[in-house]
Amino acid sequence: MKKRIAVVPGDGIGPEVIKQAIKVLEAVSNRYNHEFILDYALMGAIAIDETGDPLPQETIDICKMSDGVLFGAIGDPKYDNDPTAKVRPEQGLLRLRKALGLYANIRPVRLFASLMDRSPLKEERILGTDLVVYRELTSGIYFGDKGRVEGGCAAFDTCYYTVEEITRIAKMAFEAATRRRGLLTLVDKANVLESSRLWREVVQKMALEYPDVSVDYLFVDNAAMQVVQQPSRFDVILTENMFGDIISDETSVITGSIGLLPSASLGLSSSLFEPIHGSYPEAAGKDIANPLATILSLAMLLEHVGLIEEARRVEAAVELVIDKGLVTPDLNDEHFISCSKVGDVVAMMVESDLDEDTSFDNIFEGNLPLI
Ligand code: IPM
Ligand code: MG
């Protein structure tokens with residue numbers, strides 16, 4: 001099979017984690033005889049440095065031509081503390097979401113049994129956690145009218161939603177709930193916001209078409225509490241853009257494995273896959289970042305283009321490296337290997353059939369195991 005993939009490394013640790021995912025992609029291509037055509041493109045602070053624009057037109061064109069976009073991370077501290085900066089790296093990502101029509105951001109949160117002790121929550125609370133957030137991504141307060149008035153002394157942002165925008169993502173979320181445990185929770189602020197009342201109206205009507213899905217409704221403040229009190233009660237969480245931004249960061253830390261969580265943004269012209277974590281500038285260039293979330297994002301991309309077996313194999317390899325303790329310092333600060341070694345091992349596991357007894361001990365001394 002031949003597929004075209006746009007590769008957007010971005011900022012901070014983005015390039016180094018993407019490099020590992022590409023090793024894994026090469027392993028998939030060797031094992032299954034696929035041809036992946038990779039087109040690299042710039043976005044974020046690096047694109048500002050090189051072109052003055054966080055999202056050059058060329059990047060949009062490359063992404064639109066692709067079967068899927070693999071993206072690293074965005075953001076650079078030199079822009080964060082300057083509220084007057086006219087161009088910001090994040091504008092690149094927001095414009096790309098709009099340009100590709102990436103309206104559904106999907107963030108699955110699952111538990112890795114061997115990493116349970118890394119969670120900030122007690123084990124008995126997180127047991128059974130298996131949820132996914134469906135966040136609307138191209139509308140709401142992020143994209144509504146905004147501006148300064150009163151000579152700059154007042155500012156506003158508008159949360160605007162159409163029935164169509166709500167319906168298309170709600171449909172995806174209902175379908176996901178049908179495939180999963182049949183529970184959909186709409187998170188909103190319908191006691192205060194008119195736009196939230198529209199969300200409820202639309203979702204209540206749609207619920208009639210999905211008799212197998214039970215729907216509940218939570219105000220966002222209550223939801224923020226419940227996701228940490230009892231995360232296992234959630235299956236599919238559906239929400240608008242800004243609530244989704246906040247709730248999905250919260251859900252991503254529940255299991256203690258933010259360095260492991262992938263995400264997909266599905267849309268009208270192409271889809272984008274990226275790790276949930278940010279650009280982690282303090283770690284950039286040190287070869288210590290955890291590449292597994294990016295590798296799992298690649299697995300989501302493979303699944304999305306129909307390469308299901310390949311996706312499962314990549315996921316299995318990731319589980320194996322975690323079980324064998326072949327991880328970066330964020331997961332084990334006493335016994336760890338580098339970012340690039342994790343990439344090497346996952347790629348090797350994907351490409352070759354390893355024996356149950358293959359020893360990985362020598363990897364800590366700088367060698368790949370002989371097979
Ligand atoms: C995310 C990020 C972005 C967002 C930023 C980088 C613009 O926080 O993908 O969740 O707010 O959507
Ligand atoms: Mg966010």
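In strand S11, Ser265 is the bridge partner of Asn105. That pair is my way in. Keep in mind that this is a predicted model.

S4 covers residues 104–110, and five of its seven residues are buried, so the rest of the structure largely encloses it. What does S4 pair with? On one count, S11, residues 262–266: three bridges, antiparallel. It also pairs with strand S5, residues 130–136, again antiparallel, through seven bridges. One of the S5 pairings is Val109 with Leu131.

Now the ligand. Which residues surround ligand 1? Glu90, Arg97, Arg107, Arg135, Tyr142 and Asp245. The side chain of Arg107 has an N or O atom 3.0 Å from an oxygen of ligand 1. For Arg135, the corresponding distance is 2.8 Å, also from a side-chain N or O atom to a ligand oxygen. For Tyr142, a polar side-chain atom sits 2.6 Å from an oxygen of ligand 1. How much of ligand 1 does the protein cover? On its own, the ligand has 320 Å² of accessible area, and the protein covers 76% of that.

Next, helix H7. It runs over residues 163–179, 17 residues in total. From first C-alpha to last it reaches 24 Å, close to the 24 Å expected at 1.5 Å a residue. Which H7 residues are buried? Glu165, Ile166, Ile169, Ala170, Met172, Ala173, Phe174, Ala176 and Ala177. In general, an α-helix has 3.6 residues a turn, so residues three or four places apart point the same way. Have that in mind when you look at the buried list.

On to cysteines. Cys339 is buried, at 0%.

Last, backbone angles. Asn33 has a positive phi, near 60°, and is not a glycine. Where is Asn33? In the loop between helix H1, residues 14–32, and strand S2, residues 35–40. Asn33 is exposed, with a relative accessible area of 67%. Asp287 also has a positive phi near 60°, in a residue other than glycine. Its loop links strand S12, residues 272–275, and helix H11, residues 292–304. Asp287 is partly exposed, at 26%.

That's the tour. Over to you.

Terms used:
Residues numbered from 1 in each chain as written. Chains lettered and ligands numbered in written order. Predicted model: local features only at pLDDT ≥ 70, side-chain atom pairs only at ≥ 80, totals over all residues. Heavy atoms only, no water. Buried < 20%, exposed > 50% of the residue type's maximum accessible area, 1.4 Å probe, protein only. Helix = DSSP H or I, 4+ residues; strand = E, 2+ residues; numbered from the N terminus. Pairing = 2+ DSSP bridges. Near = heavy atom within 4 Å. Polar contact = N/O pair within 3.5 Å; in protein donor to acceptor, adjacent residues only side chain to side chain. Areas by Shrake-Rupley, 256 points an atom, 1.4 Å probe, with all protein chains shown as cover. Expected span 1.5 Å × (residues − 1).
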